[in-house]
Amino acid sequence: MTHDSRLTTKIKIAPSILSADFGRLAEEIRSVEESGCDIIHVDVMDGHFVPNLTIGPPVIRWARKATGLPLDVHLMIEDPLKSVADYRRAGADWITVHVEAAPDVRLALETIRQSGAKAGISLRPGTALEKIFPYLDLLDLVLIMTVEPGFGGQSFMPAMMEKVRTLRGRFKGLISVDGGVNQETAPVCIGAGADILVAGTAVFGQKDRRQAIEALRGAEVRP
């Protein structure tokens, strides 16, 4: 598929539940599903690979009960291979690991695929894109981080769009962008070749979530 033809396909919106109200998580997930999102994004942080500590398989099991949408579980954890089976059993449909965190990246990705989940890889903004090239044959998804993982309140890094453009030229799978995505930055991501926009407060923080999702999906493409 050419770059231009991808821009005519439906951009997928993946609200990140990290920005949801966890006191009523099931209701929050149903709200964004009913508002037209495509994927539910779940950020898992272990307090080691990144400084924050978030959720684990029990919360994902509750999320699985709340929606029929794909659960895209982003593992920002050390040695993710040890946890693949747990997250798959909990209901993860897509499992994304960090190239910097897996001692044996190929084995981790093969294990994800063997579990029946779609395999994804992510990388920190400071990590060269070339680090993931040896694994493209195993990947369904590449997640490009446009902020440093594990830190809140950061600004979108437009320089990361060069990674998206380069990857688009050699990878036929899905490219997702995560970090600082909103109505201002979405057009830049789409223009670079992203298929999936991960958004937190740009969806969960809005009163009209349907309008917010459609605004992101229909953002006017900018080069």
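The dialogue below reads the strands and pairings of one predicted model.

Q: In what order do the strands of the open sheet stand?
A: Strands of a sheet pair through backbone hydrogen bonds, either parallel or antiparallel. Here 8 strands form an open sheet with parallel pairing in the order 1-8-7-6-5-4-3-2, where strands are DSSP runs (E, at least two residues) numbered from the N terminus and two strands pair if DSSP finds at least two bridges between them. Strand 1 and strand 2 (40–45) are the edge strands, each pairing on one side only.

Q: Which residue of strand 8 does Lys12 stand opposite?
A: Lys12 stands opposite Ile196, and strand 1 (residues 12–15) is joined to strand 8 by 4 bridges, the two running parallel. Strand 7 (residues 174–178) also runs parallel to strand 8, through 3 bridges, and Asp178 has Val198 as its bridge partner.

Q: Which way do the side chains of strand 8 point, and are they buried or exposed?
A: In a regular strand the side chains alternate between the two faces of the sheet. In strand 8 (residues 196–199), Ile196 and Val198 point one way, Leu197 and Ala199 the other way, and all are buried (under 20% relative accessible area with a 1.4 Å probe, protein chains only).

Terms used
Residues numbered from 1 in each chain as written. Predicted model: local features only at pLDDT ≥ 70, side-chain atom pairs only at ≥ 80, totals over all residues. Heavy atoms only, no water. Buried < 20%, exposed > 50% of the residue type's maximum accessible area, 1.4 Å probe, protein only.
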